[in-house]
Each structure stands twice: as structure tokens, then as C-alpha cells.
Amino acid sequence: MSAFLVLDDGRIFEGDSWAATGETFGEAVFTTGMTGYQETLTDPSYHKQVVIMTAPHIGNTGMNKIDEESKQIWVSGFVVRNPSPVSSNWRATSDLESDLIKASVVGISGIDTRALTRHIRDRGAMRVGIFSKMELTREEMVIRVRQAPAMSGAFLSEDVSTAKPYVISPPAGTAKEFKVAAIDLGIKAATPRNMAARGMEVHVLPITTTIADIEALNPDGVFLSNGPGDPATMHGVIELVREILERKIPIFGICFGQQILGRALGFETYKLQFGHRGINQPVLNKTTGRVEITAHNHGFAVEAPTDVRFTTVYGAGEVTHISLNDGVVEGLRLIDRPAFSVQYHPEAAAGPHDANYLFDDFADLMRSARA
Amino acid sequence: MPKDPSIKSVLVIGSGPIVIGQACEFDYSGTQACRVLRAEGIRVILVNSNPATIMTDPEFADATYIEPITTQFLEEIIAKERPDAILATLGGQTALNAAIGLHSAGLLEKYGTKLIGADVDAIERGENREIFRSIVAKIGGESAQSVVCHTITDCYKAATELNYPVVVRPSFTMGGLGSGIAFNREDLELIAGAGLRHSPTSEVLLEESILGWKEFELEVMRDHNDNVVIVCSIENIDPMGVHTGDSITVAPALTLTDVEFQNLRNLSIKIIREVGVATGGCNIQFAINPLDGRIVVIEMNPRVSRSSALASKATGFPIAKIATKLAIGYSLDEIRNDITKMTPASFEPTLDYIVVKVPRFAFEKFPEADPRLTTTMKSVGEAMAIGRSFPEALQKALRSLEKKGSSFSWETPSQNVATLLDLMRTPTEFRLRQVQQALAFGASIAEVHSATKIDIWFLTQIDLINELAKNISAAADLDRPLLLQAKRMGFSDQQISTLRAISEDEVRRLRHRLELRPVYKTVDTCAAEFEAFTPYHYSSYEEESEVKPRTKPAVIILGSGPNRIGQGIEFDYSCVHASFTLSEAGYETIMVNCNPETVSTDYDTSDRLYFEPLTLEDVLEIINAETIAGPVLGVIAQLGGQTPLGLAQGLLDAGVTILGTSPAAINLAEDRGEFGRILNEAGLRAPEYGMAFSFEEAVAVATRIKYPVLVRPSFVLGGRGMEIVYDDESLKSFIVKATEITPNHPVLIDRFLDDAIEIDVDALFDGESLYLAGVMEHIEEAGIHSGDSACVLPSMSLTPSQLLEIRDATEKIARGVGVRGLINIQYAVAANQLYVLEANPRASRTVPYVSKATGVQLAKAAARICVGATLAQLRELEMLPNLEVGKAHGISVKEAVLPWNRFRRTDGKGVDSVLGPEMRSTGEVMGIADNFGAAYAKSQIASFGPLPQNGSVFLSLSEKDKTAALSSAQELFAMGFKIYATSGTHTFLAANGVASTSVRKHSEDERNANDESAVEIITSGKVDLIINTPLGRGTRQDGWLIRTAAIQRSLPCITTIPGFKAAVAGIQSLRNDQLAVRSLQSWLS
């Protein structure tokens, strides 16, 4: 009992110090995936978030090099019920706790993660702090949490975007068919990997990319990645997207990318009560009438009409996917311009591969735009 | 697409009697199916031969047929009812095989009906191993290398190619029946030989061994829109080589990375699509090589299975209910998740807790049987537990087994570490204990892993439990942090008390003083992402409880725990009935149970469900939590069998109100001296008896009352440890065994009544008056355990005055004991004298059977009496008829089903199937007709398969039985049966004008070399029916050989004279074509 998890609203959970010690702050979010903690930890979208794992045993399979979604662990704090003392998997190369310590991620274990999850579900995502082996009073801890920045209005893309462009080429044996400019707002490794597998040469570009840079690259399509932060702060990228829409270059957006496309089309984005974070989320594909089980990690969503077509300055469009749990907009498409996006993660990692076809759709879109 | 409007009536096929590999999980799934269909306004026609099921309650279907599940009977039902569709995917392998039978006979087309859920092609693709392998290859998966064989010669050849050991798997059997691992040619001959016989298609698959690989199972559902979801992943702690049903399993899978899990998920989805399970559920099993991650697809079941029931309870996702909705046309997104109300069923449950399932075995009932766990399922039941960590769930599950030696303990084991390491190489029911003890006493995780191949993650968790145990016993002070840690790791007060050498009560008082009590979390399908509206709870030592306050008075019903021989579905039936009726009466019903197979643990059954071990500690904590939540009227302990009865006194001592018969009254009936006094006062007789605490005392008693005597330890259920002994020597060997079983209880010795008729009675008593619900006459004579004996209702040979005598005796006993609710009494009638054998003031195994035969819901009435209703009031409510004695509608015969084909000796030969005072049946069937012969024939067909109408009979009668059997033998002869008989029987028959062919006993030398041996004529298929009454004492080698040969040929084998007589009556009925089907509703109307 040497660590405390302290919420913005004053509720405090006492637990065991685990991973790095010290203090950390962020937005408290829970994820319900039962597998894939490594992918979660290395997903840049979790930057500045303290992630609560609802699955009770974490760390069982250790850590490996292959399943990383980026070069580092991004979460600002990690909350688990029962951390594993061993790594049991033939691919494991290191163990979870030592990787977290290396990345200076403060953790806490042994707390009633279900009570904490219910608290956030009922009261919404909020600021949180973890204090591990610190000499502070409860009041002092609450004050420090309340001094931390909130997620609404947070501009975080600069922290996670690549400094320099880099290229992911199709794997050996796959012919290059397309050139894609991927704007990195916190891109996950699985995304370019999925695109490359379909013959796309993916140029991952920094957030500072201009329309001139894009024109110079002359891609078949532009990809807008996932990433952390409030989409309302993304003025530059939103403007860039409008320029791309003007030029009728095919666009595909995922997650944060959908929120940016939505804003570029003139829709508002809003913060969800506690977000969607898990790998079991049912999404209805309105075009086919079929249900996809999908990976989600979003705290914001686009406000758009789900029952009728809408009109934008770029012509007509429609909501293509909705969440069956709560009706949130999960996919957008323009009818008159080559642009579409989803709010969830077809690249999965972690999560099911049901929505993998969206990468094929992107290829088709680029193919037909060429014709 | 919503409901298919063309389906207005559906025939639901049940799974028949409870057998190993197919238990009450199919009552759970079938009951859900019936409920769903009726709620949709569909006419439900149900067939199931098992009367102990909830689904066969007349209110669950429009027409309930308690008839054998054979093509012939199904055709009659279909011809009569003309269902639009048949749902066969919820009744286990029995229903699936029945559906295939209907299809092959062209009956689906003939009657213009269709299968829903899965069609014959999909069943074929899923179950035919060759086709399934090609499907796996087509979708890019891998199967174990294998060869299909139809003869034993094929098998030898294939084994040489695959290298020993090889796995033998017969096609179209359930629970791995007939499968096994052959390490050499001799093994192969035994296993594959049996497998070829058990497979309806005489087909077995030989497979490369993947022993020691990790084993996983995914539960998959698909709808007609091709939406597929994975409901649950299950990981076997026991690696490949042990049948899933016999393995300790955990949900969710705990040792997979997301990449590995998604591979399994993708394969599962491709398989269900390719196999073409159009709508509904299936499970798919995988093995993973722990060294390189290679995945091998093992098999699929294109139907709802035992694992589906487990997955439903583990996740809160009701697979059978949803499968039924999908079968009648709904899609997953059109079905609401009951628990969250807001979200659809088209999602994948996610767990924020750990579920552990442990099997319960009954090897003590079959001392001859090979105790090794293999790919043939041998367990008879299971317990499930939920916790917030694996150690917590595991320890809760182990104590849920209610079996001595199941829970971890830390006294020095009798074997040293080296021996333990050696023993654990062979999986048995004791392996987990061996692992835990070896780790506790110095073996390393690596050593244990190398001996067992159990994943080091699980071994490490067990090691953590051991470490904490050391701390608990070494700590100077049992302070709050340590005690909390212990409770969070699932230690019971009892375990802690042993480690601290204090009493359990002291631990409980300390814990309460330190304010350490469990909280109750909710199984909600979504890890708290959405609010849960279904109070399905489990305990954990955490911060926040989710038990909601309530205002209605609550009745807590204690269930019966894991199924075991002697305590099975019949007790769950009574608990469920209590819940239904008390809910109707305006009470809040709270069910406590830990058996995932049951209807009682369906969250739809009671207002609140606690999935918890049935120990005093766990139950008291629930009562405490519910007392805080609102008024609690009390606890019903008389319906769940011995498990809750065993808790009643402890609960009472802790100040809990026991509703109905008091613990003192229960003890009174159990106490021979006290009970004898009641009988004396009432002028009733019991067989002479005595009680002994030592062998010398026992001999003295036996000498006084004369051999043969029936000996048993006190406080038992299902005749555990009961034996008829004929001399001092066998008495001594029994006492050695019995005192091992219950060291604190004396041994009871009764005079054994030879040639008596045994009578079983179920009655209700409200303190004033008695309702004699049913008087059942056993078909086998006294000495065969009542649970293994066939019986008939109404009784066939009692006179009206004897019935009256029984009624009066029952009332006197009920009054004398102080019953409030149900009482079951066993009587014997010998030489016109009524003897009271025993009285059990609780729901009995026969309650559902009597309820169905008489149309009176006994358990419901008993539950009402427990909360204060009188018989008069129940008559006003029309819950009881205006009669003093229940009236049977038609003649109903109950027959027991025995698991002989599941067990072999270590030498590979079958175990002896002779019946005795120790109960060994796993389930029962009922046959109902307007005459005894027809009812008996139906019961035999339902339990053993058809009785022959002509052909050959083998007769081997013991000396004392010859005269009694003569008339039946004559009748068979007159009907034209060819009779084979052993020499003594042959001579006797010849002297009485019945011609027979003499066959040689195995033990006789070969001087009559022309005669074939009895075993030879049976195994060569020359015989259609076997009558073999055992000799009583001495060598039973011949009888045993004959009976085991019969079981291997799946031939009916009758071992008693009354059974023989009934069989002949049944054959007469068959020949006269008197086996018409009739629904229960029609019988009862």
C-alpha cells in the first residue's frame, strides 16, 4: 500500500506501487480489451492518458519487439489489478514491469479497477494522478491533480508526430501500386503495414506537412492517422485537409483522422462521457447491414446526422457506420469527392480484424480516382 | 430480418438422460430454447426422455413428449404434431444424431419439415473428421497429421506412419467417447477397437500426438446475415491429452498475446462460415505449440455444447437463448443484451474477472476403473467459480467441489517431492494437488513444468498461493493487511485456520472484527462499460459492492453444487421450482450455486443469483450482504440435496432462519437411535440393526442380527460406501474402507431383507396433514440402491390395505420427525410385513419423476410450505389436488442410466456392471404408457436402446433365481426367441420344457470344445438380449466377462429377475405395437 490513484473529483484509491515510482498525471481512461496491453501501451493515441486495464491479469505474455505499435510506450500512467510476476510466451523478450520502469511510466496495482471503471463510466473521463512512494497528504495530491491540464483543448499531435518523413514500402513479393501520403498525428505501426500489404508505398509525413509538400510528393491518396488530443485544436491539419479535398485527392482517415475530416467538412466534434476503448465494439456498416466487431480508442466523436444524407461545401455525404452500443458516428463518406473515414481501428492491433476490408476500399478509391 | 413468419411450430429435441459428457447443461439450453420460442408465440413440441429436467415441465412446451429419442418415436411425434421446423442443436450430440437419423430416413421430406440452427450438411461438415480436415486446410489452417480408419488393420498401418503415441478419435460420438491415446500396438487394439464400435459410422481417426501443447477453445456464434461474434475464449490449464470436460479450465484465455488470439479468432470465423453453421453457436478447439506458436485446429462441435453453457455462465451471454432466436430468423443486432438492456447481442463479451472451472470425478464409485485422465471424458460434474484474480477463482472453484482433499493444503504430503513429480506426469484427478504440494515442498516451477507441461504462468500463480500460505503460517500476527491479502488470493477461513492452528470460527470472528468482508461484483458482459441490470453476482475482496438495496422480503435458496453420482439434476430441478413459485408468491428469490451446467445458475431463473461456493463461510457472507440489502425471510436448505442440508446446522448456529424442516428434525431422521424411538412410538418396524465404532462391535452386531447385513457409514447420500456383506471377512474389509471415508461417524449395520419389495415414497407435510405424493415400487429387489433401481408409479403389487398402511406410516414419521415440506421414505415389504428402511426429510431424487407422473409440482408446494403455507391453502391455490394420495396418470416407469461404457480398468477391460447398494447411475429416463409392459419397454429403449422383438436371448441364471425366472423364459420361448444358456441354466430349462443351446462359460475348460463360449456369442453379435443374474458371492469372473462384453456391444443386459420379467412384458408390448406416443399435457388433462 504505497501508491495512490487520485481522481479530479477527490476519490482516492489506495494500491501497491508498481512499475516506475514518482508521480504522473493524465486523463483517466479505461480500456476493456482482454488482450493486447503491449499494443495499447505503444499506441500514440494514449499519450497523456492514464490507462486503466479492466482485464484483471496484465503482463502475462511479457513484451516483444514485433507487437510494438510505435517505438515507445506512450501512456502517462498504467493501472492494473494483478500484474504478472512472469512472462510466459515464446516471443517474449522482456517483461512488462521492467519496460515500464525503463520508460519511466508510473503504475499502480492491486486497486479495485472495476470500482474505478464504474466511477469513470458514471462521471466521465477526468484528470487523474498516480502518486507512488511519495510523501504527500491526500489534500495535496488532489490539488496537484487539479493543476494538471485537461484533455479538452489539448493539442498533443506535435509530441507524437514523426520529426522527419519516412517510407514504408510494400513487402517483398508485393508490387507497388500506389503512393500514399500518411499524415502522422500519432500513427500506429499496424496502419502502414496494412497499407503496404496492399501495394501502397506509404510516406509517413510530419504534422507540419503543407499542401505544397503533398503536391510535390504527388500521392495517389492521403491518409489521416489516429492520434491523441482534442480535434478542435487541429486548425492547421484541418486547413490542409480542406486543400486536399479541393484537389480531389483521395482521403482515408482513421479515428483522429475522421474527427479532422469531419471538422474539415464543417461538423462539430464533441467529447464523449467516457469514450470507447476496447476491442469488442459492434459497429453497423449501414451500406451492407452487417455488424463488425472492432477496436476502438476514442474520447471524441463527430456530430453528424446519421439517418439522412448531408451536404457540405464539398458536396453530399453520409454517415456509413454507427456504433450499435450508443449510436455514435463511426464512419463518414463523401459522395461527390473521394474521401472516407472511420472512427475505429481497422488496423486493429490490438483487436479483431473484421474491418480490415477498409484498406481494400482505400485502394479501390485510389484506383477509381485514377481512372 | 426479423422472425421467420413461416415457422409457427417447432419440435425441440432434448438430450435424454444425464450421462458422462452430456449433463444438465442441455436442460439449461433446452429450457432457454423453449422459453424463447413460446415468448415468440411459436407452438413448442418437446421430446426428451429425462423427467428430471425443467424443460419437460408441462408449462415449458405446448406438447411435451417424455418418450425415447429414437427415429421411430420421433417419427410418431412428427406425424402427430406436424412441426414446421426441428431444432436439434440444443440437445447435445443425442439430438444432433437424432436429427441426422431423421434426415437419413427421409422423414424430414416426408413430413415437410426442416432443421433449423444447423442443417445436415453443416453437421456433416463439422463432425466428419475427413471433411472437417479439408475445410481447415481450405481456410488456411492446419490440422494434426492424421489418417481415417475403418478397420483395426487400417489403424495398425496408420499408426506406423504417424509414429506412436497416436490419438484415436471416433466420429460422431460425444464427450470423447471411445477415444484415447495409444502408446503402442496393444493400446491401439483396445482403444481403436472400442472406438470403431462406438462410432455410428464405424470410423475412427488416428492423429499425430500433440500431447503437452496448450489447449484453447473459442465459442462462436453466427447469424443469417453472416455476422459472427466470439463469445468467449477458454484456456485449459491441463495441456493437450486430457479431455476438455476433465480439464481445469479458465476463461478468458490468459496466456495469449493479441496477435495469437486474433489468429484463433480469424480461424474460428473462417471455419464457422466454411462449415456453414447458418445460425447459432459452435465451439472450436485449438492446440498451440508453446515453443513456436504453431496452431493446430483440433475439432468443432456445430451445436451448443457443455462449453457453451460454461461460456454463457462465464460471460453472461446466453448462448442457447440467442442461438434459438437466430434459428427463427433474428440477426444478432436485432437481439438485445439482457444485462445492459441498451446494447445489442452483436458484440463480444469482455471480462473483468477470472472464471475457473474444475471437474468433479466419481472414481471412488468405480474402484476398478482406470483413474488416468485421457481424451475420453470421465468426470461426472463440474464447479465454476469467479474471482478478481486467478488464484482467487481457482481456490473458490476447488472448495466448490465439496470433496475432501480438493482444496490446497500445506501439511507435509505423504509422498516426497520426487514421487510427486513422477506421479504428476500422468494426469489424474489429483494432479493439481500434486503440483501444488510439489511446489510447496521444494520442486521448482521448471521441474513441474517439465513433468506436466502446464504453462509456467499458471504454475507461478500456484506458487504465489503457496508463498502466501507460508507467510500466513509464519507471521507473528494475523494482521489486517495479511488477512486481506489471503482473502484476495481466495484462501477460505478454513484454510487460514489450519495454517494458523486456530478454529475456523476464530478466523471468522477476527475477520469480522477487522471489517474484512467480501463485496459482490456483477457479471455484466462488458467489464462495467455499461450499467448492468441483472443481479448476477460473485464475491471478491475489493472496495465496492454492487448489491442493490431492496424492499421485498427475500428467500435464499441453496443449490446443490457440482453434479455427482447421487446428487444431480433432480435437486437443481427442485431448487428452480422453489425459485419460480416463491417469486410468484411475491418474494425476492436469491439463488446460491456453483454449478455452471444448471438452470438454477441461469440469471433468468431467480431475482438474484450468487455464483458462489456452497460452504458455510461463503453462504454466511451472502446472507450478511443480503440482510444489509433488505429483509431476508430465511434460507431453504431442503431442496438441494445433501450439500445445503450439511450447512443447515451451521447456518442456524450463526443465527440464520432455516425455512421448513428444522436442522434438528433433519438430525433426528439421521440419528438411528432417535429415529428408532419415533418408529417405536408409532408402532413401526425397521430391519434389525446396530451401530458399531469398531470391527469387534460390528461382528457382534452382525452375529446378533445374522448375515447377510447391509453396512454403511452414517450421513451419506447415494449409498456412498454402502455394501451387503455375507461374512466376517468382508465385513472387516468394509470397515477398513468405511472408516477412511468418515472418521467421526459410526458404521451402521442393518439386517438385509432378501427378496423384499422396496418402496419409495415422496410426501408433503405441513405440520398438520400429509399429502402422499407418490408410492413407487422398485423393479429390482431390495439391495440395489434406489437410485440405480428401476421403479414404477403407481406400484404394481401393493394391496389397497398396504397402501393405506404406508400412508399412515408416512404421516406418523413425518409428524414424529417434525417435517415442514418434503420427506422421502424408503420402505421394504417382506413376507407381508412393512419395514421402514430410512427417511430423508428433504427433496429426493424422485421428486421430478413423481411430479411428472402425477401432475403435481411437489417442489413448488414444498417451497410454499417452507414459507408457511398449509396444504389446505395450496389446495385453494390449485397447487395440490383435493386428494390425500397422489394419482398417477398412466403408468410411469423410471429407469436408471449407468456409465459403464465410460470406464475401463487399467488393463483396458471393462468394469463390472453388476448393480448393488452403492449408487452408480448418472441419470434417469421415464417411460409412460397405459400398461406396465409398454411403459417399461419405453424406459428400456430410452436408457439402453431398443429391446429385441425377436432373435436370440442369452440366459445365465444363478441357482436361487432359476425357478423365479422360469415363466419369463417360457414366454420368450413361446414368442419364438432362440435361447442360449450356460450349462446349469440349459439343464434346468430342458427339464422344464424349454429348448436352448448350451454355451460354455469362460471359466469352464474346453472339453465341450464344440460349444462356443458365452463371451464369444455376445461379441460375435449372435445375441440380442442378455439376462445374467450374478451368483451373489464368490468369483464373479464369468458374470463380469459377460456383462462387459454386453456393454461393449451396446446390448441390453439385465441382471435381476424382476428386470427380466419387466423386459418380457416390454417385449410383448413391442410385439403388440402398443408403444404409441402421447404428450404429458394429454396424460395430465
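## Val145 of chain A

Leaving out residues up to four places away in sequence, Val145(A) touches Val6(A), Asp8(A), Phe25(A), Arg127(A), Val128(A) and Gly129(A); two residues are in contact if their C-beta atoms, placed from the backbone, lie within 7 Å. This is a predicted model, in which local features need pLDDT of at least 70 and side-chain atom pairs count only at pLDDT 80 or more, while totals for chains, interfaces and linings use all residues. Residues are numbered from 1 along each chain as its sequence is written, and chains are lettered from A and ligands numbered from 1 in the order in which they are written.

Val145(A) sits in helix H4 (residues 138-147) of chain A. Helices (H or I, at least four residues) and strands (E, at least two) are DSSP runs, numbered from the N terminus. Val145(A) has 25 C-beta neighbours inside 10 Å and so counts as buried. A residue is buried if 20 or more other C-beta atoms lie within 10 Å of its own, exposed if 12 or fewer, and partly exposed in between, with C-beta atoms placed from the backbone. Leu5(A) is 140 residues from Val145(A) along the chain, and their C-alpha atoms are separated by 10.0 Å.

## Helix H10 of chain A

Helix H10 of chain A covers residues 357-370. Its 14 residues reach 20 Å from first C-alpha to last, close to the 20 Å expected at 1.5 Å a residue; the expected span is 1.5 Å times one less than the number of residues. Leu358(A), Phe359(A), Phe362(A), Ala363(A) and Met366(A) are the buried residues of H10(A). Seen down the axis of H10(A), these fall within an arc of 155°, so they line one face of the helix; the arc is that of the directions from the helix axis to the C-beta atoms. An α-helix has 3.6 residues a turn, so residues three or four places apart point the same way.

The cover over the buried residues of H10(A) includes strand S11 (178-183), helix H6 (190-196), strand S13 (221-224), strand S14 (251-254) and strand S20 (339-342) of chain A. Exposed residues Asp360(A) and Ser368(A) are carried on the face of H10(A) turned away from its buried side.

## Backbone features

Two residues of chain A other than glycine have positive phi. Ala348(A), with phi near 55°, lies in the loop between S20 and H10 of chain A and counts as buried, with 24 C-beta neighbours inside 10 Å. Phi of Ser104(A) is also near 55°. Ser104(A) lies in the loop between helix H2 (96-102) and strand S8 (106-109) of chain A and is partly exposed, with 13 other C-beta atoms within 10 Å.

In chain B, the peptide bond from Tyr164(B) to Pro165(B) is cis, with omega near -5°. Pro165(B) is placed in the loop between helix H7 (152-162) and strand S7 (166-170) of chain B. The bond from Ala251(B) to Pro252(B) is cis as well, with omega near -5°, and Pro252(B) is in the loop between strand S12 (249-251) and H9 of chain B.

## A seven-strand sheet in chain B

An open sheet of seven strands in chain B has the order S14-S13-S10-S11-S12-S15-S16, with antiparallel pairing; two strands pair if DSSP finds at least two bridges between them. Strand S14 (295-301) and strand S16 (381-387) of chain B stand at the edges, each with a single partner strand, so one side of each is left without a neighbour in the sheet.

Strand S13 (residues 280-288) of chain B runs antiparallel to S14(B) and is joined to it by six bridges. Ile288(B) stands opposite Ile295(B) in S14(B).

## Enclosed elements of chain B

Helix H21 (residues 616-629) of chain B has ten of its 14 residues buried, so it is largely enclosed by the rest of the structure. Among the buried residues of H21(B) are Leu616(B), Val619(B), Ile623(B) and Glu626(B).

All five residues of strand S27 (residues 747-751) of chain B are buried. Val747(B), Ile749(B) and Arg751(B) lie on one side of S27(B), and Leu748(B) and Asp750(B) on the other. Four bridges join strand S24 (residues 689-692) of chain B to S27(B), antiparallel, with Ala692(B) partnered by Val747(B). Strand S25 (residues 709-713) of chain B is joined to S27(B) by five bridges, also antiparallel, and Leu710(B) has Asp750(B) as its bridge partner.

## Contact between the chains

Chain B gives 46 residues to the contact and chain A gives 42 residues. Helix H9 (258-275) and helix H16 (456-474) of chain B each supply at least two residues of the side of chain B that touches chain A. H9(B) gives the most to that side, with six residues.
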